[in-house]
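Here is a walk through a model of two chains. Have a look at the picture, then read on.

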Amino acid sequence: MAMTIKTDGLDRLGQILAQLENKAQEVASGALYEGAGIVADALNAGIRSIRTESFKYAPEGTTRLPSPQEKAALERKVGIAKFRKNGSEVDTIIGISYDSGYTQIAGKQKSVAVIARSINSGTSFMRKQPVFRLAKNKSQNAAKAAIVEKAEKMLDEIING
Amino acid sequence: MSDRNSYGELLQQLQEINNVQFAEYEWKTRPNGNFGTIQIDFEAEDDNGDDRKQDRAWEGSVDLFTRGKEMLIVAAVESALEDVCEGSWYLNSEQYEPSTGLIHREFVFQITAR
């Protein structure tokens with residue numbers, strides 16, 4: 001006895017899978033945008049919290065805090081880099097890149113990236129305030145959760161129309 | 001993370017390293033030779049058991065300034081971190097300061113605080 005088995009819906013499944021392949025980058029970018037925003041917010045808050053002191057010269061033998069101008073340079077230059085896309089892989093960098101340029105402080109050109117590094121890691125003349133590492137620590141779990149939530153929402157929209 | 005470690009134990013081990021001037025928390029004196037400091041910055045994730053807080057974990061850093069290749073001092077700091085924090089530490093940055101000739105190494109660790 002011959003038996004016919006028929007399944008419905010495989011065409012629809014094929015369409016969804018084809019769509020997913022095409023939209024993988026869009027989903028990854030959308031989700032990363034959400035996560036990057038959370039990390040960037042934490043970093044901005046961290047930079048605003050940097051303690052400063054005004055000085056002409058730090059007293060001999062003592063360390064100093066950053067000047068208000070150095071803090072302002074960081075506030076101006078912090079940002080999210082353009083997303084790098086490679087298939088379904090999308091990544092970005094948040095913070096201050098080595099392309100951030102220079103700022104004029106007390107008549108001298110200073111690299112903003114070097115100022116950021118001096119504040120974050122400290123030097124023999126500047127006390128450290130590790131705002132970048134702390135911002136990453138504080139925001140990474142929230143960012144991961146936001147990325148997953150956004151990706152699930154976007155995939156749900158694709159699958160269920 | 002080790003369950004027996006403590007900030008005090010790490011501090012004590014670091015202070016016992018020879019030929020290093022050790023300053024706790026913020027260094028207000030400018031390093032002029034072998035100089036170390038330790039600071040706790042951040043409350044890391046908790047160890048939870050059955051939804052009850054078991055241990056509080058903290059993240060901090062040890063900053064070591066040395067002049068020249070003082071590898072014995074570096075090894076002693078690494079040994080103290082390994083002993084107290086076990087695997088929960090890493091060398092975050094290493095930078096040479098041309099103006100002072102000092103090498104600045106920054107170690108980041110996580111530790112349980114009780």
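To talk about how helices cross, we need their axes: an axis here is a line fitted to C-alpha atoms over the stretch in contact, and the angle between two axes runs from 0 to 180 degrees between N-to-C directions. Keep in mind that this is a predicted model.

Let's begin with chain A. Helix 2 (residues 68-77) of chain A and helix 3 (residues 112-121) of chain A have axes that come within 10 Å and cross at roughly 115°. That makes helix 2 of chain A roughly perpendicular to helix 3 of chain A, since angles of 65 to 115 degrees get that label. The crossing of this pair, helix 2 and helix 3 of chain A, is left-handed. On the helix 2 side of chain A, the contact is made by A:E70, A:A73, A:L74 and A:K77, while helix 3 of chain A brings A:V112, A:I115 and A:A116. Sorted by class, this contact has 5 nonpolar residues, 2 charged ones and no polar ones.

Now for another pair in chain A. Helix 1 (residues 10-48) and helix 4 (residues 131-160) of chain A pack at an angle of about 155°, and their axes are 7 Å apart. Helix 1 and helix 4 of chain A are therefore roughly antiparallel to each other. Their crossing is right-handed.

Here are the two contacts by class:

Strand 5 (residues 102-105) and strand 6 (residues 108-111) of chain A pair in the antiparallel sense over 4 bridges. In this pairing, A:Q104 stands opposite A:Q109 of strand 6 of chain A. The hairpin has 2 residues between the strands, and A:A106 takes a positive phi near 50° there.

So where do the chains meet? The contact takes 20 residues from chain B and 13 residues from chain A. On the chain B side, strand 2 (35-43), strand 4 (52-67), strand 5 (89-97) and strand 6 (102-113) of chain B each supply at least two residues. Strand 4 of chain B gives the largest share, 4 residues. That side of chain B divides into 6 nonpolar, 6 polar and 8 charged residues.

Finally, how confident is the predictor? Chain B has a mean pLDDT of 80, with 81% of its residues at 70 or more. Within chain B, confidence is lowest in strand 3 (residues 47-49), at a mean of 59, and highest in strand 5, at 91. Where pLDDT is low, the predicted coordinates should not be read in detail. The model scores ipTM 0.79 and pTM 0.79.

How values were computed
Residues are numbered from 1 along each chain as its sequence is written. Chains are lettered from A and ligands numbered from 1 in the order in which they are written. This is a predicted model: local features need pLDDT of at least 70, side-chain atom pairs count only at pLDDT 80 or more; totals for chains, interfaces and linings use all residues. Two residues are in contact if their C-beta atoms, placed from the backbone, lie within 7 Å. Ala, Val, Leu, Ile, Met, Phe, Trp, Tyr, Cys and Pro count as nonpolar, Asp, Glu, Lys and Arg as charged, and the others, Gly among them, as polar. Two strands pair if DSSP finds at least two bridges between them. Angles under 35 degrees count as roughly parallel, over 145 as roughly antiparallel, 65 to 115 as roughly perpendicular and the rest as oblique. A crossing is left-handed if the near helix is turned anticlockwise from the far one by less than a right angle, and right-handed if clockwise. pLDDT is the predictor's confidence in each residue, from 0 to 100.
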